[in-house]
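Here is a short report on one protein model.

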Amino acid sequence: MQPAETFGRGGLNGFLDVDELVDRIGLDDAEIAWRKEFIGFDADDERRLSELEPLLRDNREEIADDFYENVLRYEGTREVVDRSPKGVDALKQTQQAYLVSLATGDYDRSYFQNRARIGKLHELLDMPLKHYVGQYGVYYDLILSRLNERVQDRVVDAIEEWAEEREAQREGSGLERFVGALGLGDEDDGADGLEDSFEEAVRGAIDDGMMDVLSLLRIINLDLQIATDTYVDSYAQRLEESIERRERLAREVERDVQQPITDLYDSSQVVARRAEAISDHTESQAAGVTRAANELNEVSAAVEEVASVADEVREESDRTERLAADGVDAADDALDELEAIEDATDRVAEAVDALAERTDEIDEVVERLDDLAERTTVLAANAKIESSRGDAGGETMGVIASEVRSFAEQTKSDLSEIESAVEAVREEAAATVETTEETVARVDAGTDRVRETVDSLEAIHESAEETAAGMEDVAAAADQQARGVEVAAETLEDLSNSADQVASAAESVAAASEQQTASLREVRDSVARLTDDESDAEPPVYERVE
C-alpha cells in the first residue's frame, strides 16, 4: 500500500463516525467553497500544489524524521505519541503520506472529511490544541526551507533564460551582457540601473515562488481550520454534555435537597428553641453556681473558725487532762492520808478502850476503898464502942487493930495498884495523845491534799467551763456549717435538676443536630455533584463504528 493510501487509517478510526462529525461541524460543499473563497484558494493554487508534489515526495522522509525528532524532544508531545496505537515508524509513514497528500488531493468534501478525521484522531489521543497547532510551525520551518531552495533555483533559471534570450539579440560576450543588465557597464551606455527585462525576469521568478509558498500556506490553513473545528466540536460537545449533566444534576439536586432543606429548616427551628432553653438553663445554672460559691465561701470561713476553735478546745482539753491528772494524783495522796488517819483513829480507839478498862479497874479500887472506908468507919465505931466497955474491949481492939492493919495493908496494896493503874492510864493517855497528835498531823496533811484536790478540781471546772463554751462555739459553727451545707445541697440539687434539663435539651439539640447533619450531608452530596470538577466526570466512551 502506498503511503498516501495508509494516511488516516489508524486503529482509532473504528471509534469515529466521520460523516456524523462532518455534519456536526457543518462541513458541506457550500461551507467548503466559502472557506476557499475567503482565503483565496482557487484552481491556480491546486495547480501550484500539484507542481510541488515531486518536491514534497522527494523530501517526505527527511521532513518526517526531522518532524518527529522535534516532537519526541518534549515530554508533553512524547506522551501523546506513547498513547497512539501506532509506533513511531508507522507515525512517520503517516506523516509522509500527509505531506504528499497536500499536493495530490482533489480538495473536495472527501478531502476535507479526511482532514476532519485527522484532527479528531489527534483529539482522541488527548493531544492539546496548542501542540496540534504548534506542530504546523515546525512544518513551516521544514517545508519552507525546501521551497526557499526551489525559489532560488527558479530565480537562477530565470536569469539564465533571460541571458540566453539577450545573447541571441545582442553582440558581445555573455558576461558583458550580464554586467550591462545589472547596470555596471560603461557610463556612456546611458543605462540607469537594471534593465527592465532583467528585473522583470527576476521579479517574476520570485513572485512565482512566493505564490507557490502562498498556495501551500492556504491549503495548510484550510487543514488547520478543519482540525481546529474538530477540537472546537469536541469542546462544544463536552460543554453541552457538561451543561446537560449540570442541568440534570441541578434538577436532581433541587429535587433531592428540597425535602432535606425543609427538614433542616424545621430542625433549625427546634434547635433554636432548644438552644434558647439551654441558654436559660445555663443562666440559671450560672446563678446557682454563684450562690453555691458564696455559700461555700461562708462554709469555708466557718470551717476555718471551727478549726481555730478546735485548736483552742484541743489546748484546753490538754490542759484539762493535765489538771485532771494532777487532781487524780492529789486524790490518791489524800486517800493515802485518810487511810493513815483511819489507822491512827483505830489505834486511838484501842487506847481509849484500854483507858476505859484501866478506869474500870480504878473504879473497882475506888469501890473497894469506899468499902474499906465504910468498914473502917464501922470498925472505928465498934472500937469506940468497945473502948467504952473496958478490958473486955481489949480483945476487940485487938481485932480492930488487926482489921485496921489488914485494912491498911489492903489499902496500901490497893493504893499500889491504883498507882500502877494510874501510871498505866498515864501511859495510855500519853500514847493516845501521841496518836492523836499524829492523827491531827495526818488530818492536816490530808486537808492540804484535799485542798489541793479541790483547787485542781476548781481549775478543772473552769477548764471544763471554757471547754464547754468552746464546744458551744464549735456547735454554733457546726450549725452554721450544716445550714451552709444544706443551702449548698439545695443549690446543687437545683443545679442537678437544671443540668438534667440542660442534658435533656442537649439530647434534643443533639438529635436535631444529627437530623440537620443528615440533611446537610444530603445537601452537601447533592451540591457536590454540581461542584465536581469536570475532570472528575467520566471520560467519553467511544463506541466502535461499524
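The notes below cover the basis of the model, one aspartate and the aromatic pairs.

## Basis

This is a predicted model: local features need pLDDT of at least 70, side-chain atom pairs count only at pLDDT 80 or more, and totals for chains, interfaces and linings use all residues. Residues are numbered from 1 along each chain as its sequence is written, and side-chain values use heavy atoms, with hydrogens and water left out.

## D212

D212 sits in helix α10 (residues 196-387). Helices are DSSP runs of H or I, at least four residues, numbered from the N terminus. D212 is buried, at 1% relative accessible area. Buried means under 20% relative accessible area, with a 1.4 Å probe and protein chains only.

Beyond four places in sequence, D212 is in contact (heavy atoms within 4.5 Å) with R48, L52, R150 and R154.

## Aromatic pairs

The whole structure holds twelve aromatic pairs. Rings of Phe, Tyr and Trp (its six-membered ring) pair if their centres lie within 6.5 Å; planes under 30 degrees apart count as stacked, over 60 as edge-to-face and the rest as tilted.

F67 and Y139 are stacked, because their ring centres are 5.2 Å apart and their planes are at 20°. F67 is in helix α4 (residues 43-71) and Y139 in helix α8 (residues 129-169), 72 residues apart. Both are buried. W162 and F198 pair edge-to-face, at 4.9 Å centre to centre and 70° between the planes. W162 lies in helix α8 and F198 in helix α10, so this pair ties together parts 36 residues apart in sequence.

Notes
Helix = DSSP H or I, 4+ residues; strand = E, 2+ residues; numbered from the N terminus. Buried < 20%, exposed > 50% of the residue type's maximum accessible area, 1.4 Å probe, protein only.
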